[in-house]
Amino acid sequence: MLELDEEIRAFIDAGAAPVTLDEVLAHKAVHGKAPGTVRGIAPKRRTLLAAFTVAAVVVALLIGLVVEWPGEPARSKPAMTASTILTNAALVADNERPLVPGPGQYLYVRVIDGSTEGTAFTPGKRLSRFYVQEMFQTWTAPHGQPVKEGLVVGQPLFVTTADRVAWEDAGSPPIYSGYGGGGTPPYYDVADLPTKADRMKAYLAKQGSLPVSPSYGRDALWEFDAAVDFLQAGASSQQRAALLRFMADIPGVRSVGPQTSMGTGLRGQGLELRSDHPGAEVLAIIDPKTSKMLELRGVVTNAAMFQEIPSDADVNSGHAIAPWQNGQAYSYTDFLYAGIANRAGHAPLAAPTAPPGWSWATPRSPLPGSAYP
Amino acid sequence: MTEPDREEFQAMVAVVEPRLRRALVAAYGFDKGREATAAALAWAWEHRRRLRKIDQKVAYLFRVGQSSLRVKKTAPLFEIPHHEEPWIEPRLGSALAALSERQRIAVVLVYGFRWTLAEVADLTGTRIPTVQTHLERGLRHLRAAMEVSDHA
């Protein structure tokens, strides 16, 4: 009797034999055009796109089906350095009340997780790419694992106008949305998180629940990612201040000016760090006035390095998914709310209602036609 | 095609092919996964000079393979014709197919083939904590579907 992991290995290798060199050389390559043909969006077109998108969002909200992301506006020159932004936010955090559940209470955290999917609505026509949005809620007792999780599948969000048009041309069919589980950011127990920035690195390195530092290939990115996760998971004011001061000292973190979060549309200051993923950056958006982390986003910054660029003909005939453009997000997590709940499964009374446009969604009920029921 | 070119490419294929094939099979099933592997490697041959500059070849070619699948997404198939290996649980194929794509990729590659979370995050363009969650949930669903206890 094999262990399950051995079974999986044997099963996968038994079902698909190795592809031989002769097969490869005999195979007609499906993409003949070399990378390097990515076109940026011209400012005028971007304005038109934004105007179209505002109208599309209104219409989509009215019909309760899908919305479209307008694309990130051009980055303005940052007025402050990353270190100044984080240090100022730390000062704000210092004055906040800590979120510490009492006996029988739970820490309640609500986030939106956005990831991308693509599909062809009409054979032989352009494929559409869209963000799948899921809202997660967790109730956790101190020092405990999440005791309860809630999932609401949100509206898919088209990446570009062209993606939306392809869907409309196909008669606006139902879109599968959500993955039926998965995607919840893990809860990090903040009970013993240091309140001093200089102790943070050692503490993070000891955490069994975090992937170990070397797997990231670069300590700076690991530190940045881990610190953001703790910021989003109910750290107390002093802990948040320590995390922000710790982040201010991470080499390579730079300010990229005002940014708008994708899932919530909130404005904040963008802080960026090069990802280990070629051609990508990690972008954190923080509200300096409240010290809140608004969003963590994966951004394509060098499309040609990030992906293979298919020809326009392949894209328009549905033979390939349209390549990412520089500046587009390929995933994001938005922090919505954290508070103290008296009962698992019930949001705190002070928690805001779910974001507009989500009212049709029900817990664990994806859109009709979902591929992942 | 020059002989040195072919030898260099063959060496690259020897390293990349098993990982690429397993990743694409995990995502799309046996037939489509293998087809996408062949397509991605054919692209790699055509663009071999450019590919030399790419560090993470498997992740890059994974996206090439994804793009090569021209048909509308369908449920992945994990059926082995004339499957006679008595040591493989018959429900494994259907249990894997029932997972979401990202859960399945995490389970097959991290749990089955010992990839690191970071490698799968690179492959799928997601964050490492998200891959970890996909793995945990996917394994839970898989074990439930196969009625395997957590301690098995």
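Reply: We will go through chain B, a strand of chain A, the cores and some aromatic pairs. This is a predicted model: local features need pLDDT of at least 70, side-chain atom pairs count only at pLDDT 80 or more, and totals for chains, interfaces and linings use all residues. Residues are numbered from 1 along each chain as its sequence is written, chains are lettered from A and ligands numbered from 1 in the order in which they are written, and side-chain values use heavy atoms, leaving out hydrogens and water.

Me: How many helices and strands are there in chain B?

Reply: Helices (H or I, at least four residues) and strands (E, at least two) are DSSP runs, numbered from the N terminus. Chain B has eight helices and zero strands.

Me: What share of chain B counts as buried?

Reply: Buried means under 20% relative accessible area, exposed over 50%, and partly exposed in between (1.4 Å probe, protein chains only). By that rule, 59% of the 152 residues of chain B are buried.

Me: Which way do the side chains of strand E3 of chain A point?

Reply: In a regular strand the side chains alternate between the two faces of the sheet. In E3(A), Ser128(A), Phe130(A), Val132(A), Glu134(A), Phe136(A), Thr138(A) and Thr140(A) point one way. Arg129(A), Tyr131(A), Gln133(A), Met135(A), Gln137(A) and Trp139(A) point the other way. Of the 13 residues in this strand (residues 128–140), 13 are buried, so E3(A) is largely enclosed by the rest of the structure.

Me: Which strand do the bridges join to E3(A)?

Reply: Two strands pair if DSSP finds at least two bridges between them. Two bridges join E3(A) to strand E5 (residues 157–158) of chain A, and the two run antiparallel. Phe130(A) stands opposite Phe158(A) in E5(A).

Me: Which residues touch the most other members of the largest nonpolar core?

Reply: In soluble globular proteins, nonpolar side chains tend to be buried together. A nonpolar core is a set of buried Ala, Val, Leu, Ile, Met, Phe, Trp, Tyr and Cys residues joined through side-chain atoms within 4.5 Å. The largest one here has 60 residues, and Ile8(A), Ile12(A), Leu61(B), Leu92(B), Leu123(B) and Leu142(B) touch the most other members. Helix H1 (residues 3–28) of chain B gives the most to this core, with 11 residues. Domain 1 (1–70) and domain 2 (85–152) of chain B, with bounds from an automatic or database domain assignment, both give residues to this core, so it lies between them. Apart from this core lies another, of 37 residues, including Leu243(A) and Leu271(A).

Me: How many aromatic pairs does the structure hold?

Reply: Rings of Phe, Tyr and Trp (its six-membered ring) pair if their centres lie within 6.5 Å; planes under 30 degrees apart count as stacked, over 60 as edge-to-face and the rest as tilted. There are six pairs over all chains. One of them, Tyr108(A) with Tyr337(A), is tilted, at 6.1 Å centre to centre and 55° between the planes. This pair links distant parts of the chain, 229 residues apart: Tyr108(A) is in strand E2 (residues 106–119) and Tyr337(A) in strand E10 (residues 329–341) of chain A. Tyr108(A) is buried, with a relative accessible area of 0%, and Tyr337(A) is buried at 16%. Together with Trp139(A), they form one aromatic cluster.
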